[in-house]
Amino acid sequence: MKILILVYFLIIHYALLSNTQKEEALFEGEIDEEETIYTGKVIKYLNITEILQNHTEVEDEDEDIFISATQKKFKDNFYNQLNSSEKSIYDELYILCNRMDPELSFSMTINKYIDKNNVNIERLMTCFVYDNPKFWWIESYNIGIRNTFEKNEKNDGSDAKEEYDVLTIITVNFITKDTIFPDLTNEKIYEMNKELYLETDMLLYQIELLNLHTKFEVLKYIHDYVIRNTVYVDDGEGYVHTLCGPLVQHKSICSGYSEVFRHIASYFGINVIIARSLTHEWNYALVNDKWYIIDVTWDDPAVSKHIFNETLQAEDKILYRPEKGDYTNLSYDYFLVGTDVFEGDEQGKTDHDLIYSYFSLKNLVVYPEIEKYNFVREEEIDEYVERIPEVMDEEESSHHNITDSELKDEEEKSASRKRYDLYFLTLSIDSNIKSLLFVFMNITLLLVFLIF
């Protein structure tokens with residue numbers, strides 16, 4: 001009988017002790033919340049068949065997910081469409097990616113609580129790559145988010161109160177299978193970035209040398225430069241999908257045209273953004289407080305020429321793409337134009353029909369409202385611009401508006417601290433109760449042995 005009673009109390013003793021140790025480990029940050037992994041591709045890389053399939057799968061969703069792009073106001077950039085939690089992740093990503101030799105896999109710690117239910121990773125990554133085409137190597141991603149606790153040691157000489165900070169750990173992996181950048185390493189990114197910076201500096205020097213200081217002049221020069229120095233290709237290795245295509249390899253598809261255009265314009269503080277349809281990519285530019293279409297790809301069309309067909313002993317008409325340096329095909333049909341340019345052009349409308357997500361029909365991002373009529377230049381109201389120094393080496397002051405984020409961060413930190421103070425207080429009370437129970441059990445065990 002004594003043995004059974006002893007075994008019984010030992011089991012309870014072990015259970016209480018084990019639970020207390022787990023709580024202590026939680027206070028020390030040794031036990032973490034389970035990590036949630038998000039996997040996806042950036043908006044321009046999904047296969048069109050996959051896109052259409054994904055769109056079909058959500059046709060039965062509630063109607064309130066369909067939000068017109070003009071129902072929400074576009075403010076400066078895509079960053080400003082994110083909530084404060086998403087902005088915090090964006091900011092940390094920007095710092096770690098804004099290097100000559102960025103790591104492709106890394107972990108980062110954000111010193112505040114981020115509610116995973118308040119983060120849409122697809123929207124975050126869409127905004128991130130739209131705002132920052134210079135991070136050309138980002139094709140797909142695995143992003144993990146988890147929260148953990150860390151004891152905040154504050155000892156001012158008085159009775160120290162135990163406080164705990166909640167942290168968010170973000171793990172990022174840009175290396176995924178079936179990538180269009182095989183064997184990509186940070187060393188290879190470094191080598192490509194060196195070439196990019198050289199070509200970029202040469203282009204910026206030309207603009208400065210020509211003393212171009214209005215938005216219209218700078219945008220026109222970038223437009224012409226890209227067309228003169230780029231041969232359009234239907235497909236090719238991964239680099240032609242990025243700004244590396246036009247600047248370094250001098251061949252590209254539409255995404256390379258639009259991304260290099262946005263990239264170079266940013267050096268002069270000109271607000272140019274990337275727009276995307278199921279099959280095409282182009283730009284919108286803000287000039288005199290109005291948004292206009294610029295489609296550099298469509299202003300670099302194939303041209304026709306006649307060749308003599310030996311077999312038929314007659315001339316044939318063929319289409320071809322001019323070589324680098326040949327800009328006889330350069331046009332301005334889609335330079336600073338309004339939506340009326342596609343009036344009666346159904347194919348043009350379809351190719352410029354905006355998408356807001358590749359995974360669903362939800363409008364995860366907002367585009368600006370575009371003018372109906374073409375831009376008409378009035379030299380007396382041309383907007384003055386000049387090159388922003390060292391944009392590539394420092395965090396761009398214009399890449400986001402941090403004010404709203406900072407204000408909300410303080411509110412979140414305060415709410416987070418109150419929430420977790422309450423949580424730890426409850427945990428502490430539970431722990432004290434269990435400690436008393438533990439003492440009571442030991443006394444009971446002693447009495448049992450004395451009685452029996």
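Strand β4 (residues 163–173) is mostly tucked away: eight of its eleven residues are buried, meaning under 20% relative accessible area with a 1.4 Å probe and protein chains only. Strands here are DSSP E runs of at least two residues, helices H or I runs of at least four, numbered from the N terminus. This is a predicted model, where local features need pLDDT of at least 70, side-chain atom pairs count only at pLDDT 80 or more, and totals for chains, interfaces and linings use all residues. Residues are numbered from 1 along each chain as its sequence is written, and side-chain values use heavy atoms, leaving out hydrogens and water.

| β3 (residues 140–152) | antiparallel | eleven | Ile145 |

Now for the core. The largest nonpolar core has 96 residues, and Trp136, Phe174 and Leu219 touch the most other members. Such a core is a set of buried Ala, Val, Leu, Ile, Met, Phe, Trp, Tyr and Cys residues joined through side-chain atoms within 4.5 Å. Helix α6 (residues 215–229) gives this core its largest share, eight residues. Leaving aside residues up to four places away in sequence, Phe174 touches Leu93, Cys97 and Phe106, among others, with contact meaning heavy atoms within 4.5 Å.

Leu93 and Cys97 are among the buried residues of α3. Helix α3 is largely enclosed by the rest of the structure, because eleven of its 14 residues are buried.

Conventions: Buried < 20%, exposed > 50% of the residue type's maximum accessible area, 1.4 Å probe, protein only. Pairing = 2+ DSSP bridges.
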